[in-house]
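Please open the structure in your viewer and keep the selection tool at hand.

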Amino acid sequence: MMMKNCMDIDECERDPLLCRGGTCLNTEGSYECDCPPGHQLIAEASACEDVNECQLSDNLCRNGQCVNMVGTYQCSCDTGYQVTPDRQGCVDIDECTIMNGGCDTHCTNSEGSYECSCSEGYALMPDLRTCADIDECEDTPDICDGGQCTNIPGEYRCLCYDGFMASMDMRTCIDVNECDLNPNICLHGDCENTKGSFICHCQLGYFVKKGSTGCTDIDECEVGAHNCDMHASCVNVPGSFKCRCRDGWEGDGIKCVDVDECVTEEHNCNPNAECMNTPGSYRCACKEGFNGDGFSCSDMDECADNVNLCENGQCLNAPGGYRCECEMGFTPTEDSKACQGKCVNRFRLIFE
């Protein structure tokens with residue numbers, strides 16, 4: 001029997017269209033297609049076609065869009081991200097490393113973005129890049145409650161009024177408690193602290209004098225706020241007053257009664273004078289036969305003053321008066337102030 005010799009057919013050489021898009025590899029009795037990366041055999045296994053990786057997986061190109069390419073894919077990254085060197089991933093762009101992100105002051109990077117911020121006392125402008133000074137004095141008029149606000153770049157200062165003190169940072173005004181600071185500030189009264197000042201609640205007999213601090217004594221005598229008798233003197237004392245009866249009057253000062261110096265013999269009348277009491281005092285009048293102001297009385301020489309005294313006799317001066325020494329044939333009257341004839345005495349005897 002006669003044997004036939006069989007030879008392998010090289011399909012790759014015979015049909016150049018085999019394994020289109022790949023490499024045809026002849027095998028004994030057949031052939032194989034070797035597809036490049038990113039390609040796959042079609043169903044008939046005679047050609048290579050591109051694999052759309054973007055459709056195969058949703059996890060590709062996170063933070064970007066997957067773009068299919070022949071044999072591979074690339075990522076088109078979202079704003080704020082940049083493509084990796086292999087162009088198959090997206091990583092965050094740190095905008096703050098590039099001219100501080102265009103921020104005036106502070107730049108803070110975030111995933112896919114960044115944010116500008118300002119130092120304390122400054123505000124971010126509508127362009128979200130620029131910082132401008134905040135005028136705290138204008139924005140908050142009462143920010144220095146108890147003082148005057150002065151704006152300075154980035155902050156402010158308080159110049160505090162009397163009765164307030166500035167805090168360490170000079171941003172607030174703190175009320176000064178004058179009552180604690182000076183316990184004697186309301187001497188003769190009780191101190192009450194108020195915002196920026198204080199009030200003295202004075203004891204009876206004291207008042208707050210305008211233009212002065214503390215409690216001032218009320219001069220009840222000067223203002224007429226007393227009940228002293230009209231014949232008494234008012235004497236002011238701290239917080240009150242006293243009444244003292246004037247000379248010639250006695251009592252507690254609230255009621256004064258006249259002192260009768262003539263009865264109590266508290267007078268300086270001359271022994272030859274009469275004492276006459278008067279309201280609050282007394283007066284002196286020399287007795288008959290004496291001359292003077294009552295405090296000093298001298299005997300009156302009636303004989304010298306009136307030569308007609310003691311007719312028919314001789315006038316003899318005596319303390320406080322005079323007497324007659326009669327001539328022969330005349331006798332003195334009962335008061336010895338005149339001389340009368342003896343016959344008159346006889347006649348008087350007859351009829352008596």
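Begin by selecting C77, which counts as partly exposed because its relative accessibility is 23% (buried means under 20% relative accessible area, exposed over 50%, partly exposed in between, with a 1.4 Å probe and protein chains only). The model is a predicted one, in which local features need pLDDT of at least 70 and side-chain atom pairs count only at pLDDT 80 or more, while totals for chains, interfaces and linings use all residues. Residues are numbered from 1 along each chain as its sequence is written, and side-chain values use heavy atoms, with hydrogens and water left out.

The link is left-handed, with -95 degrees about the S-S bond of C77 and C90. It connects distant parts of the chain, 13 residues apart: C77 lies in strand 6 (residues 72–77) and C90 in strand 8 (residues 90–92). Strands (E, at least two residues) and helices (H or I, at least four) are DSSP runs, numbered from the N terminus. C90 counts as buried, at 13% relative accessibility.

Now select C269 and C284, joined by a disulfide at 1.8 Å from S to S. C269 is in the loop between helix 6 (261–264) and strand 25 (273–278), whereas C284 is in strand 26 (residues 281–286). Both C269 and C284 are buried.

Finally, select C286 and C297, whose disulfide spans 2.0 Å from S to S. C286 belongs to strand 26 and C297 to strand 28 (residues 297–299).

Methods. A disulfide is a pair of cysteine sulfur atoms within 2.5 Å.
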